[in-house]
Amino acid sequence: MGTGNPKDIVRRGYDAVAARYDEAYGSGTKYGPWLDDLRRRLPAGGPVLDLGCGGGVPVARTLTDAGHPVTGVDISEVQIRRARERVPGAVFHRADLSDVGFEPGSFDAVVCFTPSSTSR
């Protein structure tokens, strides 16, 4: 018995839990030390690619507020819609991160944070 396309299952799962995901993982405070370290290393105005950007908070918001152009990619349409509402200064694409392509040298940093990233 098949369960469907695994990527569709992931997409539907994140679509379904988008708002609760932020609550469960402390969207406003997670990744603080990692983002502080990244901001110190980035050149002024250095563009960043955020793979699996979710709802845009805190990564895209923090980096955009610090003057970095951010491009976010996420498989969930609901998460992308939330990210666009919450971080209007960034650019977001609904796509499978394994299928996107950008010109070499387009970004000064590429990030892909997960809830387990908080345990340094």
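**View 1. Cysteines Cys-112 and Cys-53.** Cys-112 is partly exposed at a relative accessible area of 47%, whereas Cys-53 is buried at 8%. Here buried means under 20% relative accessible area, exposed means over 50%, and partly exposed lies in between, with a 1.4 Å probe and protein chains only. A disulfide is a pair of cysteine sulfur atoms within 2.5 Å, and by this rule the count is zero disulfides. The model is predicted, so local features need pLDDT of at least 70 and side-chain atom pairs count only at pLDDT 80 or more, while totals for chains, interfaces and linings use all residues. Residues are numbered from 1 along each chain as its sequence is written, and side-chain values use heavy atoms, with hydrogens and water left out.

View 2. Helices (H or I, at least four residues) and strands (E, at least two) are DSSP runs, numbered from the N terminus, and two strands pair if DSSP finds at least two bridges between them.

**View 3. Strand 2 and its two partners.** Strand 2 (residues 70-74) pairs with strand 3 in the parallel sense over four bridges, and Asp-74 has Arg-94 in strand 3 as its bridge partner. Strand 1 and strand 2 also pair in the parallel sense, over four bridges; there, Val-48 has Val-70 in strand 2 as its bridge partner.

**View 4. Strand 1 and the buried Asp-50.** From strand 1 (residues 48-51), Val-48 and Asp-50 point one way and Leu-49 and Leu-51 the other way, and all are buried. Asp-50 has a relative accessible area of 3%. Contact means heavy atoms within 4.5 Å. Not counting residues up to four places away in sequence, Asp-50 touches Val-59, Ala-60, Val-70, Thr-71, Gly-72, Val-73 and Val-111.

View 5. The bond from Val-57 to Pro-58 is cis, with omega near 10°. Pro-58 has its place in the loop between strand 1 and helix 3. Most peptide bonds are trans.

**View 6. The nonpolar cores.** A nonpolar core is a set of buried Ala, Val, Leu, Ile, Met, Phe, Trp, Tyr and Cys residues joined through side-chain atoms within 4.5 Å. The largest has 19 residues, and Val-59, Leu-63 and Phe-92 have the most contacts inside it. Helix 2, helix 3 (59-65), helix 4 (77-86) and strand 4 each give two or more residues to this core, and the largest share, three residues, comes from helix 3. Leaving aside neighbours within four places in sequence, Phe-92 is in contact with Cys-53, Ala-60, Gly-72, Ile-80, Ala-83, Arg-84 and Val-87. Apart from this core lies another, of five residues, among them Leu-49, Leu-51, Ala-95 and Phe-107.

**View 7. The aromatic pair of Tyr-31 and Phe-113.** Rings of Phe, Tyr and Trp (its six-membered ring) pair if their centres lie within 6.5 Å; planes under 30 degrees apart count as stacked, over 60 as edge-to-face and the rest as tilted. By this rule the count comes to three aromatic pairs. The ring centres of Tyr-31 and Phe-113 are 4.7 Å apart and the planes stand at 20°, so this pair is stacked. Tyr-31 lies in the loop between helix 1 (6-24) and helix 2 (32-41) and Phe-113 in the segment after strand 4 (109-111), so the pair ties together parts that are 82 residues apart in sequence. Both Tyr-31 and Phe-113 are buried. Ring pairs link Tyr-31, Trp-34 and Phe-113 into a cluster.

View 8. Phe-102 and Phe-107 form an edge-to-face pair, at 5.1 Å centre to centre and 85° between the planes. Phe-102 is found in the loop between strand 3 and strand 4 and, at 35% relative accessibility, counts as partly exposed. Leaving aside neighbours within four places in sequence, Phe-102 is in contact with Leu-49, Thr-71, Val-73 and Phe-107. Phe-102 and Leu-49 are 53 residues apart in sequence and 9.7 Å apart in space, C-alpha to C-alpha.
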